[in-house]
Amino acid sequence: MEFESNYSLIKNTSESTAWSSKLPQGLDLEVSHHPITMRHIANLIIAMERFKGGEGVTMGTEFKDKDLLNFLLESAVEEHIVLELESAPPASRREAGFSSTSQYECSVTDSENKCWVLMSEAMELHAMMLQGGSGYHKVHLNLSTYVTPVPIETKARPVALGIKGSNLYLSCSKSGGRPTLHLEEVANKEQLKSISQQSDMVRFLFYRRNTGVDISTLESAGFRNWFISTDMQQDNTKQVDMCQKAAPNRLTTFTIQRHN
């Protein structure tokens with residue numbers, strides 16, 4: 001039987017292996033390396049169907065367009081490609097961070113009514129009793145509040161404390177083998193909007209824990225159990241610093257008065 005196509009049937013070829021199961025026993029198929037068209041492919045499919053005695057095959061030398069469509073649809077193989085996406089790590093594995101949510105102006109006085117005063121030359125905060133018209137020396141702070149995506153073990157609220165009208169922020173870092181309070185200039189305040197828990201920027205964060213109405217302690221987020229404190233004595237040369245909770249002669253509770 002001859003067909004109007006550029007295909008020949010010969011025995012034992014590697015290219016016909018995929019088709020051999022569809023042909024009568026003892027007959028193999030080789031596709032010659034001639035230009036191939038869809039009509040040639042359809043003719044080849046018809047030839048195989050006739051050898052197999054398939055039903056519904058047009059018996060003439062030509063076939064209709066609907067026959068071509070039927071053969072192509074019947075021979076089509078649908079494949080589903082599934083892309084395996086790496087699943088997101090569970091919340092317990094995601095790195096916790098601090099995100100700034102709000103900011104407001106405030107001032108701070110200790111339990112002995114001493115106010116924080118900025119000593120610009122020394123870049124220090126001192127706690128002083130301010131009398132009469134000297135209240136303007138009181139430092140006003142911008143207090144930024146933060147939230148964390150993973151609950152922290154304390155009920156305290158993370159905050160950052162910046163000196164109003166400047167780029168200076170309170171920070172806690174080790175000096176002389178112990179955590180100490182510093183004033184640091186932050187040129188890019190955007191860095192403080194989102195802080196990784198593993199970042200060195202945590203030194204600017206403190207846990208504010210309320211112990212009464214507007215009365216709070218301020219614990220270092222980087223050095224737990226170390227608190228911002230003032231000296232119990234009425235000594236204007238004593239700076240605001242860090243101490244452990246039970247340190248003698250230090251005050252660790254403050255009234256934080258909001259101004260807006």
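Lys245 lies over the face of Phe227, 5.2 Å from the ring centre; a charge counts as sitting over a ring if NZ of Lys or CZ of Arg is within 6 Å of the ring centre and within 35 degrees of the ring normal. Another case is Arg258, whose charged end sits over the ring of Tyr104 at 3.9 Å from its centre. The model is a predicted one, where local features need pLDDT of at least 70 and side-chain atom pairs count only at pLDDT 80 or more, while totals for chains, interfaces and linings use all residues. Residues are numbered from 1 along each chain as its sequence is written, and side-chain values use heavy atoms, with hydrogens and water left out.

Now for the rings that meet each other. Rings of Phe, Tyr and Trp (its six-membered ring) pair if their centres lie within 6.5 Å, with planes under 30 degrees apart called stacked, over 60 edge-to-face and the rest tilted. That rule gives two aromatic pairs. Strands here are DSSP runs (E, at least two residues), numbered from the N terminus. Trp116 is buried at 0% relative accessibility, and Phe254 is buried too, at 1%; buried means under 20% relative accessible area with a 1.4 Å probe, protein chains only. The other pair, Tyr169 with Phe204, is also edge-to-face, at 6.5 Å centre to centre and 85 degrees between the planes. Tyr169 is in strand 6 and Phe204 in the loop between strand 8 (194-196) and strand 9 (205-212), 35 residues apart. Both of these residues, Tyr169 and Phe204, are buried.

Strand 6 (residues 168-175) runs antiparallel to strand 7 (residues 178-185), and eight bridges join them; strands pair if DSSP finds at least two bridges between them. Cys172 has Leu181 of strand 7 as its bridge partner. Two residues separate the strands in this hairpin, and Gly176 in the turn has a positive phi of about 70 degrees.

How values were computed. Helix = DSSP H or I, 4+ residues; strand = E, 2+ residues; numbered from the N terminus. Buried < 20%, exposed > 50% of the residue type's maximum accessible area, 1.4 Å probe, protein only.
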